[in-house]
Amino acid sequence: MTQPPDGFVRSADGTNIAYWQSGQGPTLLIVHGGGNFHAGWDPMLPLLTPECTVVTIDRRGRGASGDAQPYAIEREIEDVAAVADAFGPMCVLGHSFGGPIALEAGLLTDAISSLIIYEGWPGPEEDLTVLPDFVLPMEALIAAGRYEESVEYDETPETIERLHADPLWPSWVDATATFPREVRAYYRFWTEHPIGDGRWRDLRIPILLLYGEQNPAFGLGAVQLAGSLADARIEMLPGQGHTAYAEAPEILAAAVLPFLASANAR
């Protein structure tokens, strides 16, 4: 079981976004990716909280946060901007689907003073058109109430065994219902806003783009995205893939904390 939230921030459309706050020092807001929720980042907290105040949230439709229809990624962007306005100035770390949300929130509020994006963009050769079809079986399982099978879909036996052994397994099951809509939103967002279109050129805050050594396509995408940003640098996480926050939190923290310190020293 996860701990009750420390409070709620009301977003622009009236939806309540649950947050958890711990630590001391400059504020870091973590925006989790698809298929996740705030407690998925718990392994990072002991490494971060001695040096910064960490705010984690359940994105809308998950855990303790509210939801509203119709769903749109624009509402998620407003959610993050609302949390930043409540706690800022702050650095926002967006992982995976949380990446474009964090980038866009940076355009909405001056309370975001720096950004860290961890594999939150497509690779230059990635075929985004396969994503809507990819989630069709998951949507069918969810519609039939087979939520556990939806979590297990397209996972390896080893990953399924690990998930079932996780004390947070019930929360992973609860979180699965919103995953397909987020995949569709990710597809729409990057189709409408290609990396090289200069959308964030005027976002003149320090930005760190992180990718794992196991994912060279994300590295190529990071180079492309950095070329569309005014103040960005790229760092590779040695030996890692898409989930260093859980599998090697010390490696991810070693990239996050120096950047946070340098960004706040400006």
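Where is the place of E119? E119 sits in the loop between β6 (112-118) and α4. Its phi is positive, about 50 degrees, although E119 is not a glycine.

This is a predicted model: local features need pLDDT of at least 70, side-chain atom pairs count only at pLDDT 80 or more, and totals for chains, interfaces and linings use all residues. Residues are numbered from 1 along each chain as its sequence is written, and side-chain values use heavy atoms, leaving out hydrogens and water.

**Overall form**

The protein has 12 helices and 8 strands. Helices (H or I, at least four residues) and strands (E, at least two) are DSSP runs, numbered from the N terminus. The radius of gyration is 17 Å, close to the 18 Å that the globule rule gives for 266 residues, so the protein is as compact as a globular protein of that length. That radius is taken over C-alpha atoms, and the rule is 2.2 Å times the number of residues to the power 0.38. The C-alpha trace spans about 50 × 40 × 40 Å along its principal axes.

**Backbone exceptions**

Most residues other than glycine have a negative phi, and most peptide bonds are trans.

**Helix pair**

The axes of α2 (residues 73-87) and α3 (residues 98-108) come within 8 Å and cross at roughly 65 degrees. Axes are lines fitted to C-alpha atoms, for helices over the stretch in contact; angles run from 0 to 180 degrees between N-to-C directions. In contact (heavy atoms within 4.5 Å), I73, E76, I77, E78, V80 and A81 of α2 meet I101, E104, A105 and L108 of α3. These residues divide into 7 nonpolar, no polar and 3 charged. Ala, Val, Leu, Ile, Met, Phe, Trp, Tyr, Cys and Pro count as nonpolar, Asp, Glu, Lys and Arg as charged, and the others, Gly among them, as polar.

**Largest pocket**

A pocket is an open set of points on a 1 Å grid over the protein atoms alone, where a 1.4 Å probe fits, with protein on both sides within 12 Å along at least five of seven lines; lining residues have an atom within 4 Å of a point. The largest pocket is lined by 39 residues, and G34, G35, E155, F179 and H242 lie nearest its centre. By class, the lining has 17 nonpolar, 13 polar and 9 charged residues. Helix α9 gives the largest share, 4 residues.
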